[in-house]
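Have the viewer open as you read.

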Amino acid sequence: MRKWIVTMVGISVAAFASVVRAPAHADDVPLASTLPVESVMLLGGRPSTGPLIPVVGNGTAHLAYELYLTNYGHKPTRIVALRVHGIAGAAFATTIEGNALKSSFTPAAPPSRVASYDSVLPPGASGVIYVFLNFAGRETPRRLENSLVVEADGDPKNAQRIPLAELTIRKTGAALIDEPLTGERWLAANGPSNTSLHRRAVIILNGAPRVPERYAIDWIKLGDDGNSYSGDEYKNSSYHAYGVPILAVADGKIVTVKDGLPENVPHAKKMAVELTLINMPGNHVIEGIGGGLYVGYAHMIPGTITVKPGDQVHRGQVLGRLGNSGNSTEPHLHLQVCDAPSFLICEGVPMEFTRVSLTRYKIQKRGETPIKLSVEGTREVSGEEPMEDELANFPAAQPPAK
């Protein structure tokens, strides 16, 4: 099956990442603050501003955050390892180093969003480490201690440890939601993981870096053959997801509506309209669901949106129909939850679905072409978000509350 590249946003700083368990050797490296002044590496580091709320997937908790780094010194700084240690609550310790660190690190303005990079910052340069922690169960530590092992490039004798600000994990705060669609074989493309295109989309607007799509999902409907369409792949109507009703995932109030944008030709070289910060989500709806959280539904068919700003809506209410408008390569629903009423100027927040069944599956291919999707069993889950490329079945929507 092809890799689904239908992410909504194209302004990003990104790289692959993974977290592996390794000896916590950072404790054996001297603190930078204990060394002679001329030996101290002047590396600055600060965490992302997004709320540290774990996402629950595959029965365990996961946590995504970013570390923004700048070399203020006159020597190249090599980042050797990132050590993460839990404080109070569930025990946790991990170290990211070697190839895992290279795939987690990206310089600012990287040539490619999908490449690994040597974790060296020249004088005056900046970069990002993408962190995606995988915990043993649903419980997490209460706080996290991060520290970097660094050295002057090419001189391991100057290895030193730089502690970063302690991070507090919020035990609650994920959006509790119902299904946005109904039916079977909905692929959670670009869903939560550290290799997701959404995960690596850093947006810098109003002077601050944010990751609004940190836990976003592109919902694509697969057919019996494991493909997302049948017939002419350049017609939106050929796609199994096209025209499916999009449902409000929670009770709330509509704060933003954009309609009237033409749709794209699937996988065309050029979008139907020149993209701006306003029309990137295409025809869309943003709903406030309380608790400072907002749900964004993107890429609808023009003229199908049934609500307007100020409307009170109920979970299960039809908001519009799934299409291919805005920054989209084929019909899909881009769904994200944020801490502000925007697709871009916000920080992404995890979702917890009240009910969904997740399907184990395999796709048989002839060459690169999917020819058969085989289901190997399903499990009903609650209070979880499907992870990247999981296949979900959504139950029929409950009637909206009166």
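Rings of Phe, Tyr and Trp (its six-membered ring) count as a pair if their centres lie within 6.5 Å; planes under 30 degrees apart are called stacked, over 60 edge-to-face, and the rest tilted. By that rule, the structure holds five aromatic pairs. Take F92 and F135: the ring centres are 4.8 Å apart and the planes sit at 55°, so this pair is tilted. The pair joins distant parts of the chain, 43 residues apart, with F92 in the loop between β4 (77-89) and β5 (93-97) and F135 in the loop between β8 (126-134) and β9 (141-152). Strands are DSSP runs of E with at least two residues, helices are runs of H or I with at least four, and numbering goes from the N terminus. Both F92 and F135 are buried; buried means under 20% relative accessible area, exposed means over 50%, and partly exposed is in between (1.4 Å probe, protein chains only).

A quick word on ground rules: this is a predicted model, where local features need pLDDT of at least 70 and side-chain atom pairs count only at pLDDT 80 or more, while totals for chains, interfaces and linings use all residues. Residues are numbered from 1 along each chain as its sequence is written, and side-chain values use heavy atoms, with hydrogens and water left out.

Next up are F353 and F394, whose ring centres are 6.0 Å apart with planes at 35°, so this pair is tilted. Here strand β24 (residues 351-353) supplies F353 and strand β27 (residues 391-394) supplies F394, 41 residues apart. F353 is buried at 0% relative accessible area, and F394 is buried at 5%. Ring pairs also bring in W219, making a cluster of W219, F353 and F394.

Most residues other than glycine have a negative phi. A88, in strand β4, has a positive phi of about 65° and is partly exposed at 34%. D389, in the loop between β26 (369-381) and β27, has a positive phi near 65° and is partly exposed at 23%.

Last stop: what does D251 touch? D251 sits in the loop between β17 (245-247) and β18 (252-258) and is partly exposed, at 36%. Not counting residues up to four places away in sequence, D251 touches E287, G288, I289, V313, H314 and R315, where contact means heavy atoms within 4.5 Å. The D251 side chain reaches the backbone nitrogen of R315 at 2.8 Å.

Notes: Polar contact = N/O pair within 3.5 Å; in protein donor to acceptor, adjacent residues only side chain to side chain.
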